[in-house]
Amino acid sequence: MADIKQEIQRRRTFAIISHPDAGKTTLTEKFLLYGGAIQSAGAVKGKSSDRHATSDWMEIEKKRGISVTSSVLQFEYGGYCINILDTPGHQDFSEDTYRTLMAADSAVMVIDGAKGIEPQTRKLFKVCAMRHIPIFTFINKMDREARDPFDLVDELEKEFGIGTYAVNWPIGCGAGFKGVYERDRRSILAFDEFHAGRRRIEGVECDISDTERMDSLIGSYAREELVSQIELLDGASFDFDLQKVRTGRLSPVFFGSALNNFGVEAFLQRFLKMTTPPLEHISGDEIISPFDERFSAFVFKIQANMNKAHRDRIAFLRICSGQFERGREYWHVQADRPVKLSQPQQMMAQEREIVDTAYAGDIIGVFDPGIFSIGDTVCEKGEKLRYAGIPTFAPEHFAVVEQIDSMKRKQFAKGVTEIAQEGAIQIFFEPGTGMERVVVGVVGVLQFDVLQFRMESEYGVRYNKRDLPHQLIRYIDNADLNPAELKLMQTTRWVQDVRGRNLLIFVGQYEIDWALDKNPGLMLSEFNQNTDAV
Ligand code: GDP
């Protein structure tokens, strides 16, 4: 058991979040480089080139040059076993991103130093804040003209309502970027040369009290400015408090340049020390420690066809406690039956490997013959754990999707149902119509393109799609009510989900107000209160 404890203790599982183009991929790549997991930078994702892409798996991603799904990478560094959850930055895939954040124990927020907080960062931050997980900030691209560092940290504090603690401080920016000052050591790491980061940068260390050497490294002007900035910083900033960091109330801030490989390893080392080992999870009124001997995990993501040759479907499980052993029989709580997790695998940089054991904190992908749904719990036989907390976000765009070829009725139904189980889309039915016509709801409109692409390429089905103007969806909570008898505005539609629950979709808030006004006693509830989507 001691070994298992040690294994769990050294695990660090985190998500990297950012607005597109802030440098998330570049930073991830540098982490892997330090971990020895990849041989050269530039191997993770090729946006416009033909380099092999680890995080991108679907053709549509290549075409659009964006990362549609999140992927998981595991590597070793400095005695730690690191699981990085990559999240798509594109706003249309936010739901997938949110779910991924449920599987992380902390988050690294990458911010472009010239831009500061951007819309996507703001949204993602909110999800992290909701879970009170530690959030680390990496302010990137300091080799370019950047905003004043005081301004940047001020913005973080004001907008996000958290404290910040600058662990290092930039010396200039753009062409005048000379390196970073490390507050814990009171010394600088001078930027000795620019290069594209294909190897490690050591930098030149120098104690800031060594004026002469400082001047020769960064010049007297930059030194004087740094000294006065540090005085200001030491006087005004929050004190470092690990407890606050670990509960998401104080964000350690680092400045650097991912592309130039500067400040990255220093960041990684400190981050690993400050962040937490796997966190506890809640099942009903029980708190399950990661060190609990009983294995337990939940499904946070389902992904189809990662490997086109195999047409497979993979359920990603976050292990919450204990040790996973390949070949053992576990219990699938929602299905109420035993389950063998077949072909368990982890992503090791660019390779998918079959794993025999995995520990709390790890993410494993298992072959899914269509039995899992997002949020499902897997645990030891005889246990009845049930992890909550995978939110389903209310769709904001709707369309009627109707099959064209009646010979392909089965494939159509199978396709929309399976894709809905993965959580990429929500499907609804209009009472009285069959499976040949469904109302599809999505969080981001790009998901409609993904649906079309996958229906054609995986299920061989084409369909007609008609966009609906509806934007809001509510459950009808009155069990004994016949929705056909409700007085509704003409545009309001009554639909049912796969479990037969009644919902209404509305074009705008005024329609909801109208329905509530005209139907006394009608009870409507928000869609995202429901945690079991499909
Ligand atoms: P992502 O969309 O957040 O994954 O961003 P990428 O890592 O793909 O980076 C977006 C662009 O910014 C790419 O062209 C990178 O080469 C560039 N970039 C990333 N980090 C830096 C940096 O530190 N300095 C500069 N100048 N460019 C960077």
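**View 1. Cysteines without a bridge.** The structure holds zero disulfides, and keep in mind while browsing that this is a predicted model. Two cysteines worth a look are Cys81 and Cys320. Cys81 sits at 1% relative accessibility, so it counts as buried. Cys320 comes out at 0%, and therefore is buried too.

**View 2. The whole chain, before zooming in.** The chain has 13 helices and 31 strands. Of its 534 residues, 58% count as buried. Take the contacts with a separation of 6 or more: 69% of them come from residues 24 or more positions apart.

**View 3. Helix H6, with its buried side.** H6 covers residues 149-160, twelve in total, and at 1.5 Å a residue it should span 16 Å; the end C-alpha atoms are 16 Å apart, so the two agree. Which residues of H6 are buried? They are Pro149, Leu152, Val153, Glu155, Leu156 and Phe160. These cover an arc of only 150° around the axis, so they lie on the same side of H6. As a reminder, an α-helix has 3.6 residues a turn, so residues three or four places apart point the same way.

**View 4. What H6 packs against, and how it starts and stops.** On the strand side of the list, the buried residues of H6 pack against E4 (106-112), E5 (135-140), E6 (163-166), E7 (168-171) and E11 (250-255), and helix H5 (119-131) joins in as well. At the start of H6, look for Asp148: one of its side-chain oxygens comes to within 3.0 Å of the backbone nitrogen of Phe150. At the other end, just after H6, Gly161 adopts a positive phi of about 65°.

**View 5. Strand E7 and its partner E8.** E7 is one of the strands that the buried residues of H6 pack against. Both of its faces are covered: Asn168 and Pro170 are buried on one side, Trp169 and Ile171 on the other. E7 pairs with E8 (residues 179-182) in the antiparallel sense, over four bridges.

**View 6. Thr25 in helix H2.** Thr25 belongs to H2, which runs over residues 24-34. Is this threonine buried or exposed? Thr25 has a relative accessible area of 18%, so it is buried, given that the cut-off for buried is under 20%. Now bring in Ala258: it is 233 residues away from Thr25 along the chain, yet their C-alpha atoms are separated by 9.2 Å.

**View 7. Arg493 and its surroundings.** Arg493 is part of strand E29 (residues 493-496). Its side chain makes a polar contact with the side chain of Glu430, at 2.5 Å. Who else is around? Setting aside neighbours within four places in sequence, Arg493 is in contact with Val400, Glu430, Arg437, Arg466, Leu468, His470, Leu503, Leu504 and Ile505.

**View 8. Helix H12, wrapped up by the rest.** H12 (residues 446-459) has 14 residues and reaches 19 Å from first C-alpha to last, close to the 20 Å expected at 1.5 Å a residue. Ten of those 14 residues are buried, so H12 is largely enclosed by the rest of the structure. The buried set is Leu446, Gln447, Phe448, Val450, Leu451, Phe453, Arg454, Met455, Glu458 and Tyr459. Just after H12 comes Gly460, with a positive phi of about 65°.

Terms used: Residues are numbered from 1 along each chain as its sequence is written. This is a predicted model: local features need pLDDT of at least 70, side-chain atom pairs count only at pLDDT 80 or more; totals for chains, interfaces and linings use all residues. Side-chain values use heavy atoms; hydrogens and water are left out. A disulfide is a pair of cysteine sulfur atoms within 2.5 Å. Buried means under 20% relative accessible area, exposed over 50%, partly exposed in between (1.4 Å probe, protein chains only). The expected span of a helix is 1.5 Å times one less than its number of residues. The arc is that of the directions from the helix axis to the C-beta atoms. Contact means heavy atoms within 4.5 Å. A polar contact is a pair of N or O atoms within 3.5 Å; within protein, one must be able to donate a hydrogen and the other to accept it, and residues adjacent in sequence count only if both atoms are side-chain atoms. Two strands pair if DSSP finds at least two bridges between them.
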